[in-house]
Structures are given as structure tokens and as C-alpha cells.
Amino acid sequence: MNLKLKRTARTPYSEEIVIYDTDTRDDNDDAVNLGKLDVHYLGDQIVGTLLIWQEYATGFSRLHGPGSDVTLDTLIDEILAEISEPLGVAAEYGIEVYYPSAANQSFASNYSDEGEATQEETFDGEETEQGTATSYPPREDAFAKKLQSRP
């Protein structure tokens, strides 16, 4: 497994990082997005939240099966080593790990859209105080489909 961590946002004491498995490719031959990590750097430790998409975790378990040397725990250890080993960063960390579905991910924003009323993006299309929410259908995950078709 070859992990690629891509920083998507950064403040002086925190980062949002998207995690890719570059050895696993989707139908478009892009590296599979396996999750995201939000970390906060404190003086003596790192705290944060690691999300591994449920679809990836399910596929990962099918690929590597019982008795394999590669487990989700080793994957998590590898990800956390990437953020805790650089010089100048605290070696101790406390990270919460969750396995939500990527299809349930959403992004809420009150950014103005060229002078129009602001919106909050959700999946359910409900009215919000800022305006009408944008509704999205659940995303199909090609990687999960590919893995589910394996015996």
C-alpha cells in the first residue's frame, strides 16, 4: 500500500488532509480516496479525527482477508506515523477514528455565490435560514462496486 496525504487546508496549528491509496485505482485510473484527517497541533501532542470511508474499509477487509499481515490497524498506524514523525511535531497523539459512508459526506458553507443569497449544502434539500439547500443524490462509489463484485 502506498499512501499519499494531500493537505487541503492549513492554519498555524491545524490541517485538513485527504488520504489516497495510490496503489488502488478507480475506474478513471485515479488514486482511491480512502478518507480524510483533521489534525490540531498542540505543544505536547497532536489531536484530531481520522475518517476512513466505510466503502474503503469494507473493500480493504475483503482484499486482505483474515490472517493477512495488512490490517486496518496497520493502515491507521501508517497514516498516523506520517503526521507524527516529522521533526518539530509532537510524537504523542490522540486521534478519534470513524468509518462513515462517503456517500453521506456533505459540505456546509455560507460563502456568497456572486451576490446571491448564501446557501447551506445538504443531501436532504430542506429549507435553511440562509436559503434553499442544494440537494445531491448519493454518490456511487466505483471502487466499492468493484470490490463487491469479487468472490
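Modeller: Let me start with Leu75, which, leaving aside its neighbours within four places in sequence, is in contact with Met1, Leu3, Leu34, Ile52, Tyr56 and Phe60. Contact here means heavy atoms within 4.5 Å. Please keep in mind that this is a predicted model, in which local features need pLDDT of at least 70 and side-chain atom pairs count only at pLDDT 80 or more, while totals for chains, interfaces and linings use all residues. Residues are numbered from 1 along each chain as its sequence is written, and side-chain values use heavy atoms, with hydrogens and water left out.

Biologist: What makes a set of residues a nonpolar core, and which residues have the most contacts inside the largest one?

Modeller: The term is kept for buried Ala, Val, Leu, Ile, Met, Phe, Trp, Tyr and Cys residues joined through side-chain atoms within 4.5 Å. The largest such core has 21 residues, and those with the most contacts inside it are Leu37, Leu50, Leu75, Ile79, Ile83 and Ile95. Two or more residues each are given to this core by β2, β3, β4 (46-52), α1 and α2 (72-84), and the largest share, 6 residues, comes from α2.

Biologist: Why are β1 and β2 called a pair, and in which sense do they run?

Modeller: Two strands pair if DSSP finds at least two bridges between them. Strand β1 (residues 3-11) and strand β2 (residues 14-25) have 8 bridges in the antiparallel sense, so they qualify as a pair. A hairpin joins β1 to β2 through 2 residues, and Lys6 stands opposite Val18 in β2. Val18 in turn stands opposite Lys36 in β3, where β2 and strand β3 (residues 31-41) pair in the antiparallel sense over 9 bridges. The hairpin of β2 and β3 has 5 residues between the strands, and Asp29 in the turn has a positive phi of about 65°.

Biologist: Why is the link between Lys36 and Glu16 called a salt bridge?

Modeller: A salt bridge requires a side-chain nitrogen of Lys or Arg within 4 Å of a carboxyl oxygen of Asp or Glu.

Biologist: Is Lys36 buried or exposed, and how do you know?

Modeller: Buried means under 20% relative accessible area, exposed over 50%, and partly exposed in between (1.4 Å probe, protein chains only). Lys36 has a relative accessible area of 16%, so it is buried, whereas Glu16, at 25%, is partly exposed.

Biologist: What do the values say about the salt bridge of Glu15 with Arg10?

Modeller: The closest N and O atoms of Glu15 and Arg10 are 3.6 Å apart. Glu15 is buried because its relative accessible area is 10%, and Arg10 is exposed because its value is 57%.

Note on methods:
Helix = DSSP H or I, 4+ residues; strand = E, 2+ residues; numbered from the N terminus.
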